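The structure is shown first.

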Amino acid sequence: MFTYYCNLALRSFRRNKILTALMVLAIALGIGASMTTLTVFHILAGDPIPQKSDRLFYPRIEPRTKQGFQPGEEPEEQMTRFDAEALLREHRGDRQAMMSGGALSVESGDGKIDPFVVNARYTSADFFPMFDAPFAFGSGWTGADDENRAQVAVISKELNEKLFGGGNSVGKTLRAGDNSLRIVGVLGKWRPTPKFYDLTNDRFSAVEQVFVPFSTSRTLKLGVQGNMDCWGDQTDADGSVGLNAPCAWVQYWVELDDPSKASAYKQYLENYSNQQRAAGRFERPTNVRLDNVMQWLDFKQAVPSDVRLQLWLAFGFLLVCLLNTVGLLLAKFMRREPEIGVRRALGASRRAVFAQYLVEASAIGIVGGVAGLGLALLGLWAVRQQPDDYAELAHLDMPMLFATFALALVSSVLAGLLPAWRAMQVAPAIQLKSQ
Amino acid sequence: MDIRPILSTLRRHKTASALIVLEIALSCAIICNAVFLISQRLEKIHRPTGVADTELVRIRVAGIGKTDDATALAKEDIASLRAIPGVKAATSLNQIPFDHTSWNSSVSLQPKQDVPNLDASTYLGENLVDALGLRIVEGRDFTADEYVDWESFNKPDSKLTLPAIILTREVAQKLFPNQSAVGKLVYSWNSNDVPHRVVGVVDRLIRPNDNGGPAEAGYSVLLPLRDLTQGTFVLRTDPARRAEVQKAAVAALEKNSNRRIVLDQDPFTDVVAKWYQSDRNMAWLLLAVIVALLVVTALGIVGLASFWVQQRTKQIGVRRALGATRGQILRYFQTENFLLATLGIVIGMIGAYGINQLLMGAYELPRLPALYLPVGALVLWLLGQASVLGPARRAAAVPPAVATRTV
């Protein structure tokens, strides 16, 4: 029966080529637009570290002076160097890391490549195991390296390819500015999206190319970059990046191997905050937050608002396209009322009529979906031509491919339901009489 | 023309009529807001920066490792940039609009004020008014003795303070409404609550990024610092000579030190264009969606109207046989479409306001101006009439003889 219905559908398409083509086009445009935006959204709004995003926490405490205080405010988004170093020393989480963005000029040993500037991350030893950073060669540095301010570095796969031709460069020397850093590890392919561990710099760019111990970065006075919020008077000899500078510019992460430890850790942060106020360093009331990865991304609204807007726009467009298809299908089916009447009079059940027309509607949907997939690929290609950081990531993956077909099928079947239902309702007697 | 027969016909096609109405309503709601969003983006793209856009070149360099005497090098750099033929002014500064760096500071009218009056972007450098092409509307530019050396100012034990400040007109009006700002004292960058005296007001200078939203886009101040060592330079020249000046400037900077990397070198208009690229893309995208929606809606109307004409061929033939003119048949279908479109537009307008409410919450957009509603209505009415014209003419062409067949 099914093949017969398919055959009938095909005949019907042949009879009304233009109308059918228009319906297919409308569905294809709607699906194409929605899939393009949904894919981009899916890439940007995903969980960058799904295996442990509920065990990684971003603590915030309030270090500012009383001046400018407004009750109910969120605490400072980053930490002062003093607090981050204190928390790191006290070591109350299962793992913890402090970090900041930076920039380094890098030279190749043989002088064949002109010096160039790369983004760097100054962090502490736990960074790599905490964020499951994959290593192609070697490994991260140790806590002892942090304490000894060792001149070591982990470099990215890209930098390793550029400077060392992609070979095992562990033990070799990286020339960064006036300094020589011993390479202890080379990262593998790693692209957390968004780059959740630091949302103050570019959120969707590739990971940094050089990683250096934070302590070493301060000894070598390497340049930092990212947001910095300062208050009160500068007194530190090292300026705003000094240990005692009243400036928040350090990101701090803690890993708790069980999410239930979060409340105890929060209590610890409150105690720390209270102590600092008692000591006269903090002036505002204790204001502590402890967000896991997804909560923090949500708070920082990591997904660009334009991407959200595009998503809604595309779904609105899809809805109009579907309404259009429902209307046209309805018109098409109603035109065949006499035919339906004859079939019914000859003994076709309502169910059979319904099935036949649903098959026809679904066929339109599937063709529209396939065409929509093509348009989505075109749309994603267009997205990749944009200058945005995330552009290169805009590819359709397997789950999204299946989602496309599901969306095409579901929406077209939904669009077909009403017209098929109406077709089924045709009373045979009236149609026969009016012939 | 009597609309009652039209209404009664439509009542027998409730589903199809409802679909058309819904489609028009949804298109109307989306299009009104999309046009509004485009207008907002265009407004943003076209807001003036306050600087001489077409005359500027900006260059950013990074040093390799530490420089022994950064200030001496900065002085040398600025001197050699100024010596380039065709350069009207050149300086080293901390930031230039839309260049991914933003320095901001609070500004207060009282010392130790709990909540500052406003937050402004702070432009630091020598001769900025001239180098950026700003227009002084009140007071004067900084004098030579007001400038303070950047490196000395930043020494940890430095007791230096900045005596003067220049405000933009927007800052001046916010701080001192209905009075002259010149000569007044404000508290911002100096430590130990030493005030700056306002010496001048410039017409406009945009913030480097969208901090504070559109309302605070003009909140900037200028401070008199000399020989900045931040690696950002700006040159002002004839628009026609920008390319040659840029090339000569890069060469001069590279000559002054071989331990540096030129990070960026662009005419300022390119910097501006890049900054607004995503807004421009979004505007084009919205335009594409609007056109697609109009086309899809029009096709829906054409399709359904054709179906109705075909279905009513016999009925039309009878009317024609009974003496109805072609014009009356034509008007019948046009009136029918007008009624459907009107209902759709009314629902669409309510929807447009609903969507606008959501956008106002999520994107800090202003309220949809009422003007959009009549214009949107007119567009959709015209669209409906144009789409129905073809099928309606086909209906009008039905010969009266049809009525005599197959009855």
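## Basis and terms

Helices (H or I, at least four residues) and strands (E, at least two) are DSSP runs, numbered from the N terminus. This is a predicted model, in which local features need pLDDT of at least 70, side-chain atom pairs count only at pLDDT 80 or more, and totals for chains, interfaces and linings use all residues. Residues are numbered from 1 along each chain as its sequence is written, chains are lettered from A and ligands numbered from 1 in the order in which they are written, and side-chain values use heavy atoms, with hydrogens and water left out.

A:Glu107 belongs to strand S3 (residues 95–107) of chain A. Its relative accessibility is 13%, so A:Glu107 counts as buried; buried means under 20% relative accessible area, exposed over 50%, and partly exposed in between (1.4 Å probe, protein chains only).

The side chains of A:Glu107 and B:Arg259 are joined by a polar contact of 3.5 Å. A polar contact is a pair of N or O atoms within 3.5 Å; within protein, one must be able to donate a hydrogen and the other to accept it, and residues adjacent in sequence count only if both atoms are side-chain atoms. With neighbours within four places in sequence left aside, A:Glu107 is in contact (heavy atoms within 4.5 Å) with A:Pro115, A:Leu163, A:Arg175, A:Gly177, B:Ile64 and B:Arg259.

## Aromatic pairs and charges over rings

A pair of aromatic rings is described by the distance of the centres and the angle of the planes. Here, rings of Phe, Tyr and Trp (its six-membered ring) pair if their centres lie within 6.5 Å; planes under 30 degrees apart count as stacked, over 60 as edge-to-face and the rest as tilted. Over all chains, a search of the whole structure finds 30 aromatic pairs. One of them is the stacked pair of A:Tyr58 and A:Trp296, at 4.2 Å centre to centre and 20° between the planes. This pair links distant parts of the chain, 238 residues apart: A:Tyr58 is in strand S1 (residues 56–60) and A:Trp296 in helix H9 (residues 293–299) of chain A. Both A:Tyr58 and A:Trp296 are buried.

The ring centres of A:Tyr272 and A:Phe282 are 6.4 Å apart and the planes stand at 75°, so this pair is edge-to-face. A:Tyr272 lies in helix H8 (residues 262–278) of chain A, and A:Phe282 in the loop between H8 and strand S13 (289–292) of chain A, so the pair ties together parts that are ten residues apart in sequence. A:Tyr272 and A:Phe282 are both buried.

A charge sits over a ring if NZ of Lys or CZ of Arg is within 6 Å of the ring centre and within 35 degrees of the ring normal. A:Lys66 lies over the face of A:Phe69, 5.0 Å from the ring centre, and B:Lys184 over the face of B:Phe176, at 5.4 Å.

## Cysteines

The structure holds one disulfide over all chains, a disulfide being a pair of cysteine sulfur atoms within 2.5 Å. A:Cys230 and A:Cys247 form it, with their sulfur atoms 2.1 Å apart. The link is right-handed, with 110° about the S-S bond. A:Cys230 counts as partly exposed, at 35% relative accessibility, whereas A:Cys247 counts as buried, at 0%.

A:Cys321 is in no disulfide, and the nearest cysteine sulfur, that of B:Cys28, is 17 Å away.
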